[in-house]
Amino acid sequence: MRKSILAVHIALALLMAVAFLGCPRPEQATKVYVLINAADDAKALKAELPVGEIESLTVTVTEIELSPADETGEEQLLFTGSMDVNLFDLTDISQVLSSAEVAPGTYGQIRLEIENPRLVLKADPETVITDDIQLTANGHLFISGEFEISEGESQLLVLGFGGIHLVETGNGKYVLTPQLRADLEVSDAAGLVVGPIASADTDSMVVMLEDGTTVDVDISAAVIYLPTDTDTPTGTIADLVVDAVVQVEGLFSLDGTLAADVVRIQPAAPPAP
């Protein structure tokens, strides 16, 4: 009797092992960090507006989505929100926009939605030109070309404004036509993070991005600028309090952490009327 029971147990164990081996292992989603920058040659603008006259050129990113190369695949939403990006600040550094879990596979297109372009000229830094700038394609931008997101190690998806064509028209208005590229990186990058502090302690803090995702920041070696500082940083760790909005520069790693070199505390927003 015992031999029969033992034989049944062995048979069941073998059946379970065969069933387990026969089932394909589900793919693990890949962590993708989305960054945006502007190449040095992006400052070679067209037409009559010399680049030396421009103080800043800012756009608001509202959505980023990946489309699969295969029609049977599903689109992957990477970012939705309202993140301001000053393109003239991003020629040597990439701003971190978001992070997302992405299904491994082959993708054929990235759709980027931008709006509300703002231009400030050095001759009149108090005036923000908005209504006189038109975005081509109503701000619906596409990057086409197949690329592979593999399973496993995290990746950086860097969206680059490789050329910013800001053309001044004859009636005193401007047309902005960004030229985009996309690169997948598997190495650390110079990174910029902007957002409110969600938590902080003596050598680290967590910064909240626009879409609700967070970035862990190592501040142990950072210098800290107060809103009133210009050339010399006078801030301390005690100034990094919850809800303060900061701009952090440093080395962004594939594990989603930023080793900060510089932390700039932004001026507090005026109270609502």
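In which strand is L78 found? L78 is found in strand β3. The model is a predicted one, in which local features need pLDDT of at least 70, side-chain atom pairs count only at pLDDT 80 or more, and totals for chains, interfaces and linings use all residues. Residues are numbered from 1 along each chain as its sequence is written, and side-chain values use heavy atoms, with hydrogens and water left out. Helices (H or I, at least four residues) and strands (E, at least two) are DSSP runs, numbered from the N terminus.

L78 is buried, with a relative accessible area of 2%. Buried means under 20% relative accessible area, exposed means over 50%, and partly exposed lies in between (1.4 Å probe, protein chains only). The C-alpha atom of L78 is separated by 9.6 Å from that of D211, 133 residues apart along the chain.

Strand β3 belongs to an open sheet of four strands. The order is β3-β2-β5-β7, and the pairing is antiparallel. The edges are held by β3 (76-86) and β7 (140-149). Each has a single partner strand, so one side of each is left without a neighbour in the sheet. From one strand to the next, the twist averages 20°. Angles of this kind run from 0 to 180 degrees between N-to-C directions, with axes as lines fitted to C-alpha atoms, for helices over the stretch in contact. Two strands count as paired if DSSP finds at least two bridges between them. Strands of a sheet pair through backbone hydrogen bonds, either parallel or antiparallel. Within this sheet, β2 (residues 54-68) and β5 (residues 105-121) are joined by twelve bridges and run antiparallel. S67 has Q109 in β5 as its bridge partner.

Strand β4 (residues 94-102) is mostly covered, with eight of its nine residues buried. Seven bridges connect β4 to β1, and the two strands run antiparallel. Y33 has S99 of β4 as its bridge partner. With β10, strand β4 pairs in the parallel sense over two bridges. There, S94 stands opposite G191 of β10.

Y33 also takes part in an aromatic contact. Two aromatic pairs are found in a search of the whole structure. Rings of Phe, Tyr and Trp (its six-membered ring) pair if their centres lie within 6.5 Å; planes under 30 degrees apart count as stacked, over 60 as edge-to-face and the rest as tilted. The ring centres of Y33 and F252 are 5.4 Å apart and the planes lie at 80°, so this pair is edge-to-face. The pair links distant parts of the chain, with Y33 in strand β1 (residues 30-38) and F252 in strand β14, 219 residues apart. Both Y33 and F252 are buried. Strand β1 also holds A38. A38 is buried at a relative accessible area of 2%.

The largest pocket has a volume of about 570 Å³. On a 1 Å grid over the protein atoms alone, a cavity is a set of points where a 1.4 Å probe fits but cannot get out, whereas a pocket is an open set with protein on both sides within 12 Å along at least five of seven lines; lining residues have an atom within 4 Å of a point. Grid points are joined across faces, edges and corners, and the volume is the space filled by probe spheres set on the points. The lining of the largest pocket comprises 22 residues, with D84, V85, N86, V194 and Q247 nearest the centre. At least two lining residues come from each of β2, β3, β5, β10 (189-200) and β14 (245-252). Strand β3 supplies the largest share, five residues. By type, the lining divides into ten nonpolar, eight polar and four charged residues. Ala, Val, Leu, Ile, Met, Phe, Trp, Tyr, Cys and Pro count as nonpolar, Asp, Glu, Lys and Arg as charged, and the others, Gly among them, as polar.

Several loop residues were also examined. Most residues other than glycine have a negative phi. N138 has a positive phi of about 55° although it is not a glycine. N138 lies in the loop between β6 (133-135) and β7, and is exposed at 65% relative accessible area. D243, also not a glycine, has a positive phi of about 85°. D243 sits in the loop between β13 (223-225) and β14, and is exposed at 62%. E151 occupies the loop between β7 and β8 (155-168). At 30% relative accessibility, E151 is partly exposed. The C-alpha atoms of E151 and A29 are separated by 6.6 Å, although the two residues are 122 residues apart along the chain.
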